[in-house]
Amino acid sequence: MTITHDTAAAPHEAATPGQIQFGVFFQGVNFSTIWHWPESGDHVAFESFRRVVQTAERGVFAAFFLGEGLRLREHLGHLHDLDVVGRPDAQTQLAALAAVTSRIGLAATQSTTFNDPADLAYRLASLSHLSGGRAAWNIVTTHNAWTGENFRRGGFVADADRYRNADAFVTAVKAIWRAAETEGGLPLQVRNEFFDLDVERALPLVPGGRPVLIQAGDSSEGRDFAAKHADLVFTGATQYERAVEFGADIDRRAVARGRRSGSVLPFPGVTIVIGDSDAEAHEKLHEIRRAQVTEQTALAYLEQFWGTDLSAYDPDGPLPDIDPVQQTSSVTRGSAFQNAKAKQLADEWRAESADRGLSIRDFVIEHAARGNDLTGFVGSAQTVADHLQRYAERRVVAGFNITPYLSPTGLDDIVNRLVPELQSRGVYPSEYAGASLREHLGLDPELP
């Protein structure tokens, strides 16, 4: 086994071209993390986070990405208690994890709607100091009103304004970081459409530059935002051809904004399932998906779209014969299920499930998996490595952000079996390229 990582202070060469890297995404609110298996750990206990991040660092993962929700989810007017929900504050948790790690990056999901630029700039700079330059900010643009009710000022940012608000926010944070590095840079005035700030407090940054900026943007607006501000961009474009298109489009947009080609690194999100054989891995995937979508979860999933209680229906029976509520309701239903379109789509789903003999639960398992193409990411370590080597050699992506289906042991097979196989082929780093996250990712230290 060749897994190693350097612990010396001196940086090495940046990751070799033609290699890929891994990140781990520890989700904040989701039903994909299996919480009811006996081997599932406590999703609030520090030990679960410590085990995941140290396993990832042993596997030379670039970063540990911590998702965060700002309010517990609700379902039909009640708290939704079927998913993994709520966990300690992201930056507090990452500060603690910085003390038990030495190289892996630590990324906090933070909203541009329900934070303040000066305060967040200071807290992210603090995390950068505590971690020795390993801090990152996963930028999200929360824009719904029900989250806003959880905050003193209430309200929300309209969907049409969320990226303009985020642009003003990130621009302000960057200006604050630059001012902290410039003699006489403070106090700093920030005046724009969304903010009116007189900033009197800032921390100088650690050697190696500002925290890494991450954004998830598959929409055109999101891609433009990533091209302007991000160092890493998350995407659902995992399948090879889609990944090629996405990477080329992001690069074109970044160059059009005056950035150098290759300055924004695509990191598609993916689940990887490893078995002793391809057949065993696919059997494991089937078991995982049925554990993720329990009978209760399947009904609750459809209730989001039907807009009414479906508890009287058998999860192993056909889709509901009643029509969905036809009105504008919770955004969780999605625009396709609003008003008259609700019955049309429900009819299409019922026809599909009847034609294919799918029960409610089977249909939800398939529907939830759509868009998450795992072709090539499920199999023996050798099979998955064959697939990933193609991405690495043709430089389609910088890496993959892995969502484990189980915590805290969901990375074990990947680190113990897949990583050594990739290292033996020369397409995955055997050590960290430097002390800071920017060094390991091969990013410029400057402050754009």
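## Helices H10 and H11

Begin by selecting residues 341-356, helix H10, together with residues 360-369, helix H11: their axes come within 11 Å and cross at roughly 115°. This is a predicted model. With angles of 65 to 115 degrees counted as roughly perpendicular, H10 and H11 are therefore roughly perpendicular to each other. Their crossing is right-handed.

Next, show side chains where the two helices touch. On the H10 side, select Trp349, Glu352, Ser353 and Arg356; these meet Phe363, Glu366 and His367 of H11. Sorted by class, this contact has three charged, two polar and two nonpolar residues.

## Helices H1 and H2

Move to H1 (46-58) and to H2, residues 90-98. The axes of H1 and H2 lie 11 Å apart, and the packing angle is about 60°. H1 and H2 are therefore oblique to each other. H1 crosses H2 in a right-handed sense. To see the contact, select Phe46, Phe49, Arg50 and Val53 in H1, then Gln93, Ala96 and Leu97 in H2. Five of the contact residues of H1 with H2 are nonpolar, one is polar and one is charged.

## Two cis peptide bonds

Select leucine 186 and proline 187; the peptide bond from the one to the other is cis, with omega near 0°. Proline 187 sits in the loop between helix H5 (162-181) and strand S7 (188-191).

Then go to serine 407 and proline 408, which are also joined by a cis peptide bond, here with omega of about 10°. The loop that holds proline 408 runs between strand S14 (399-402) and helix H13 (412-424).

## The largest cavity

Stay with Ser407 for the last stop. How many cavities of 30 Å³ or more does the structure hold? There are two. The largest cavity contains about 90 Å³ of space. It is lined by 13 residues, and those closest to its centre are Phe25, Phe26, Thr33, Pro404 and Ser407. Select these five to centre the view on the cavity. The lining of the largest cavity is made up of six nonpolar residues, six polar and one charged.

Key
Residues numbered from 1 in each chain as written. Predicted model: local features only at pLDDT ≥ 70, side-chain atom pairs only at ≥ 80, totals over all residues. Heavy atoms only, no water. 1 Å grid on protein atoms, 1.4 Å probe; cavity = no way out; pocket = protein on both sides within 12 Å on 5 of 7 lines; lining within 4 Å. Points joined across faces, edges and corners; volume = space filled by probe spheres on them. Nonpolar A, V, L, I, M, F, W, Y, C, P; charged D, E, K, R; others polar. Axes fitted to C-alpha atoms, helices over the stretch in contact; angles between N-to-C directions. Helix = DSSP H or I, 4+ residues; strand = E, 2+ residues; numbered from the N terminus. Parallel < 35°, antiparallel > 145°, perpendicular 65-115°, else oblique. Left-handed = near helix turned anticlockwise from the far one by under 90°. Contact = heavy atoms within 4.5 Å.
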